[in-house]
Amino acid sequence: QALMMTPFQKLKVTIVASNTLNGMHPLHACVNIVKEQGFLSLFDGLLPTMLRRSVDWGIRFGACSEIKHLILAHKEAKHYQSLYNRDTNQPTTISSMDVAAAAAATPPQSLTTTELLVASFIGGALSGLTHPIDNIITNAQKP
């Protein structure tokens, strides 16, 4: 992704920062940048972009995965707690349960859509910690 997006971001930053390129069509501005700064200048900021994407995705998916595990563990704990009588601390009798009821007594194995959305939202919010790297990338791409 960084390899594909860096030239476009370089083009955007250069057009915004330049008085001469600001009203120009993006294709003409790109040709102008390549003539003045060289083709490889389109990849200025590639390394910080790769670093940012790696850290961003690591935080986003790592946090999301951990939150999903925490939610499942909480649901499982609540499930097992509901199988015990709180007053006597004895398990409820399941000998009379039929097969369908026994299957329903298994702990939850999946998350609801709402729980998945919450985990994803928190993971995405935490990935905002990589925002300072964006400033480094923009400074690396200024003309």
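Reply: Happy to! Aspartate 56 and arginine 52 are both buried, where buried means under 20% relative accessible area, exposed over 50%, and partly exposed in between (1.4 Å probe, protein chains only). Please keep in mind that this is a predicted model, in which local features need pLDDT of at least 70 and side-chain atom pairs count only at pLDDT 80 or more, while totals for chains, interfaces and linings use all residues. Residues are numbered from 1 along each chain as its sequence is written, and side-chain values use heavy atoms, with hydrogens and water left out.

Let's stay with this pair. Both residues sit in helix α3 (residues 46–82), four residues apart, which is about one turn of the helix. Helices here are DSSP runs (H or I, at least four residues), numbered from the N terminus. Aspartate 56 and arginine 52 form a salt bridge, with 3.9 Å between the closest N and O atoms. The term stands for a side-chain nitrogen of Lys or Arg within 4 Å of a carboxyl oxygen of Asp or Glu. In general, side chains of opposite charge can pair when their charged atoms come close.

Arginine 52 also forms a salt bridge with aspartate 134, and here the closest N and O atoms are 2.6 Å apart. This pair links distant parts of the chain, since arginine 52 belongs to helix α3 and aspartate 134 to helix α6, 82 residues apart. Arginine 52 counts as buried because its relative accessibility is 13%. Taken together, Arg52, Asp56, Arg60 and Asp134 are linked in a network of salt bridges.

Isoleucine 133 touches Pro48 and Arg52, leaving aside residues up to four places away in sequence; contact means heavy atoms within 4.5 Å. Proline 48 and isoleucine 133 are 85 residues apart in sequence, yet their C-alpha atoms are 7.0 Å apart in space. Isoleucine 133 counts as buried because its relative accessibility is 16%.

Finally, another charged pair: glutamate 115 and lysine 75 meet through their side chains in a salt bridge (3.1 Å, N to O). Glutamate 115 lies in helix α5 and lysine 75 in helix α3, so this pair ties together parts that are 40 residues apart in sequence. Glutamate 115 is buried, as is lysine 75. By the salt-bridge rule, the count comes to five.

Definitions and conventions. Helices (H or I, at least four residues) and strands (E, at least two) are DSSP runs, numbered from the N terminus.
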